[in-house]
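Colleague: I am new to this one and would like to learn how to read it. Could you walk me through a few features?

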Amino acid sequence: MNINISGAHIFSRTGSHIPGLFMMSSSPDSVTRTSQETSREFYFEGLSCGREGRHEDALALFARALDADPRLALAWVGRGFALGKLGRYEEEITCCDRAIALDPRCIDAWNNKAFALGLLGRFEEKAVCCEKALEIDPENAAAWNNKGVALGMLGRYESEIHCCDRALALRPKYLSAWVNRGFACGKLKRYEDEIASYDRALKIYPRYLTALMRKGRVLILQKQYRDAAEVLRQALEIEPAHARTLYLRGLALSSAGQHDEAIPLLEKSLKMDASNADAWVVLSNSCFLSGKLEESARAFDQAYYIDVKDVRTGIVKGMSYLKTGKFDDAIHAFSDVLGILLR
């Protein structure tokens with residue numbers, strides 16, 4: 001059985017800005033200077049809470065800022081950012097739209113809206129938002145990186161690399177852009193370039209878990225199993241209970257014939273994420289080759305159950321996209337089904 005070890009973009013808030021101290025919208029005469037000052041005080045307090053990860057508190061403070069001055073565009077951006085951090089992406093988009101209505105050149109609003117759209121899988125719209133941001137500031141590295149992610153998720157990997165290169169020309173130490181560049185190179189099977197991109201990120205920040213995990217994955221694809229296992233061991237030193245990394249290291253060790261070492265890693269990964277059919281398949285193979293036949297059969301049954309369910313779900317989703325004219329989304333759904341069947 002072929003094992004699917006491809007990953008999606010690991011998305012981060014790296015390319016999205018907590019709104020700064022620029023492009024304040026002017027308030028109408030009906031808003032008093034005291035109200036403006038009060039609004040900005042709450043706004044700055046909200047920023048401080050957001051930087052500390054206290055997003056519920058930040059949300060309340062941005063609401064108070066907007067009560068005092070509903071025309072403070074950056075308070076709408078801040079409110080949206082806090083909502084996004086709480087997983088409320090549709091509401092984040094609404095807040096960004098309110099900010100854009102007040103200040104069409106508010107680049108933070110365009111960038112944050114793009115990020116939220118991406119998390120909802122609306123990549124065409126995300127790309128459009130990035131274009132709007134780049135019309136305002138052609139040298140905005142976050143917008144270039146965000147646009148690259150959107151294009152990559154639409155299968156336009158050469159364009160993603162171009163966008164990442166533009167972002168990196170502006171910010172050479174932009175970790176997210178290096179990792180996204182590597183992802184796109186991998187999709188084009190340019191594995192040496194992919195590893196080089198991850199190595200650049202790791203040179204900047206050696207404990208960057210995503211870069212280590214991605215590098216380990218591509219080394220497995222190149223059948224450099226022992227090197228992969230070592231890179232993934234380093235990743236687990238950073239985060240020992242990371243299900244995906246545990247699975248990949250288990251896969252590397254299993255592929256290298258070290259089944260007794262692979263089994264506990266795979267079992268630990270599956271305790272955290274029992275929905276990973278690939279991990280059940282690898283566990284089944286390792287148990288079989290270690291003479292643990294009953295455990296192998298149980299693991300295979302788990303993989304088969306998940307696969308059947310995922311194939312059915314994928315076909316229904318693909319047909320639904322076709323009926324609504326979302327052909328790119330339909331292709332992605334059917335491609336996922338094909339990958340499962342090939343396994």
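Colleague: Let's start with helix packing. In which hand does α13 pass α15?

Modeller: This is a predicted model, and in it α13 crosses α15 in a left-handed way.

Colleague: How do I describe such a pair in numbers?

Modeller: Two packed helices are described by the angle between their axes and by the distance between those axes. Here, helix α13 covers residues 243-255 and helix α15 covers residues 277-289. Their axes come within 10 Å and cross at roughly 35°.

Colleague: Which residues make the contact?

Modeller: From α13, look for Y247, G250, L251 and S254. On the α15 side, the partners are D278, A279, V282 and S286. Sorted by class, the contact of α13 with α15 holds four nonpolar, three polar and one charged residues.

Colleague: Now for the aromatic rings. How many aromatic pairs does a search of the whole structure find?

Modeller: The search finds three. A pair of aromatic rings is described by the distance of the centres and the angle of the planes. One of the pairs is Y43 with F44, at 5.3 Å centre to centre and 55° between the planes, which makes it tilted.

Colleague: Is Y43 buried or exposed?

Modeller: Y43 counts as buried, because its relative accessibility is 0%, under the 20% cut-off. F44, with a relative accessible area of 38%, is partly exposed.

Colleague: And what about Y205 and Y208?

Modeller: Y205 and Y208 also form a tilted pair, with 6.4 Å between the centres and 40° between the planes. Y205 is partly exposed at 40% relative accessible area, while Y208 is buried at 16%.

Colleague: Which residues form an aromatic cluster?

Modeller: Y43, F44 and F62 form one.

Colleague: Last topic, the cysteines. How many disulfides does the structure hold?

Modeller: A disulfide is a covalent bond between the sulfur atoms of two cysteines. This structure holds zero disulfides.

Key: Residues are numbered from 1 along each chain as its sequence is written. This is a predicted model: local features need pLDDT of at least 70, side-chain atom pairs count only at pLDDT 80 or more; totals for chains, interfaces and linings use all residues. Side-chain values use heavy atoms; hydrogens and water are left out. A disulfide is a pair of cysteine sulfur atoms within 2.5 Å. Axes are lines fitted to C-alpha atoms, for helices over the stretch in contact, and angles run from 0 to 180 degrees between N-to-C directions. Helices (H or I, at least four residues) and strands (E, at least two) are DSSP runs, numbered from the N terminus. A crossing is left-handed if the near helix is turned anticlockwise from the far one by less than a right angle, and right-handed if clockwise. Contact means heavy atoms within 4.5 Å. Ala, Val, Leu, Ile, Met, Phe, Trp, Tyr, Cys and Pro count as nonpolar, Asp, Glu, Lys and Arg as charged, and the others, Gly among them, as polar. Rings of Phe, Tyr and Trp (its six-membered ring) pair if their centres lie within 6.5 Å; planes under 30 degrees apart count as stacked, over 60 as edge-to-face and the rest as tilted. Buried means under 20% relative accessible area, exposed over 50%, partly exposed in between (1.4 Å probe, protein chains only).
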